[in-house]
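Hi,

Here is the structure I promised to pass along. Have a look at it first, and my notes follow below.

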Amino acid sequence: MIPSLFCRFDSVTKLALKCDRRSVSIGDDALILISERCKNLTRLKLRACRELTDRGMAAFAKTCKNLKKLSCGSCTFGALGMNAVLDNCSALEELSVKRLRGITDVANGEPIGPGVAGSSLKTICLKELYNGQCFGPLIIGSTNLRTLKLFRCSGDWDKLLKSIAEGVTGMVEIHLERVQVSDVGLAAISNSLSLEILHLVKTPECTNIGLAAVANRCKLLRKLHIDGWKANRIDDQGLMAVAKYCSNLQELVLIGVNPTHLSLEMLATNCQNLERLALCGSETVGDTELSCIAAKCMALKKLCIKSCPVSDHGMGALVEGCPNLVKVKVKKCRAVTCEGAEWLRAKRESLAVNLDTGETEPVDASASDGGPQESALELPHVANQIGNAASIASSSNGRSTSFKARLGLFAGRNIVAYTLRKLSSNSGSRS
């Protein structure tokens, strides 16, 4: 099938191979055939290709040497297959690896990279790897690397980040999410003087000290995202350092961080290019802070506030403030009412106001899995059967709640009808 298919499409440059968990995965022979038919491939995406081994990846890499982007997730080949790609694909620019199951031993495992791709790689993204530090030699050897993203990769990354910072000096974008990194790692990152984008998501060991170190040296910072995980390790002190040194800041996202009007006023005053601001899950961002933002953030275009103690009074400050504001989104702020949002829309017609109160509609008791209450009173035994049928229906995947309720009720009615017919037939036979 593969030869006949690619005879019609012999100029394919982008290919995605995704295998369902319930179906048979493509194997080495299929990938080798594809590589022979598509020698001009520049982008390849592999998802859940469980039958691929190092042999297939090695043969593929030797044929498709023009590969520029490789993304693989939930595959089972290991370090040999990955190194084969890095040793043969000298034009590789982007590499994304998620749950690579073929690498199991971190201590004794074969190091990965950098190969000939070390000089061309610009983006490396590692996700959910138990052994992500096996890619350390690749990251350190990618001298032209500009973007590094680490998501939920186990192990202590402080020491490795220090080595990376010494070997890779042109880093522009760094994402760290749920990785073990502390102020030591942030101090290493601060050596990346060209850094423009930094995401710190749920890294509770990072404190004001590490953030201040980055801000002090990475003065080109444009986008900063911090999810403090409500650990209270980053607050006004660290944000004031950002305000002091990072005057080019254009986008600031704070989740689970508790800034006050002190740091927000300093950010608004010193960061004159701040255009996008998001404050989520903060216990200290109230009407005073919102009024400060409205009065000071002259360049602000988009504002998002979620789960903060602001009210209609604070929203009123946006009527005259933030002259360049285009869109404001408010979600799960209980003291902000629909009337307040409508009033703001009426006062600033050009402003897009999106209010989401987060309230859910009450569930109708008559549509529950147990069926109507009357049935439970009149036929207790049958009602139990209805409940059992409904619970069986609830265990089915991919069905909506309403469908489950209807199915349970329908099953119950059939049981009731069957019971009545049985009683009628028994009484008829007795007569």
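Which backbone nitrogen does the side chain of Asp-158 reach? In this predicted model, the side chain of Asp-158 comes to 3.1 Å from the backbone nitrogen of Gly-185.

Asp-158 sits in helix α6 and is buried, yet has no salt bridge. Its nearest side chain of opposite charge belongs to Lys-162, 11 Å away. Setting aside neighbours within four places in sequence, Asp-158 has contacts with Gln-180, Val-181, Ser-182, Val-184 and Gly-185.

Now to the strands around it in the chain. Helix α6 (residues 158-167) belongs to a right-handed β-α-β unit together with β6 and β7. Strand β6 (residues 147-151) runs parallel to β7, and five bridges join the two; Lys-149 has His-175 as its bridge partner in β7. On to the next pairing: β7 and β8 (residues 197-201) are also parallel, again over five bridges, with Glu-177 opposite Val-201 in β8. The chain gets from β7 to β8 through helix α7 (residues 183-189), and this crossover is right-handed.

Finally, β7 itself (residues 173-177): five of its five residues are buried. In a regular strand, side chains alternate between the two faces of the sheet. Here both faces are covered, with Glu-173, His-175 and Glu-177 buried on one side and Ile-174 and Leu-176 buried on the other.

Best wishes

Key:
Residues numbered from 1 in each chain as written. Predicted model: local features only at pLDDT ≥ 70, side-chain atom pairs only at ≥ 80, totals over all residues. Heavy atoms only, no water. Buried < 20%, exposed > 50% of the residue type's maximum accessible area, 1.4 Å probe, protein only. Helix = DSSP H or I, 4+ residues; strand = E, 2+ residues; numbered from the N terminus. Pairing = 2+ DSSP bridges. Right-handed = clockwise from strand over helix to strand, strands pointing away. Lys, Arg positive; Asp, Glu negative; His and termini not counted. Salt bridge = Lys/Arg side-chain N within 4 Å of Asp/Glu carboxyl O. Polar contact = N/O pair within 3.5 Å; in protein donor to acceptor, adjacent residues only side chain to side chain. Contact = heavy atoms within 4.5 Å.
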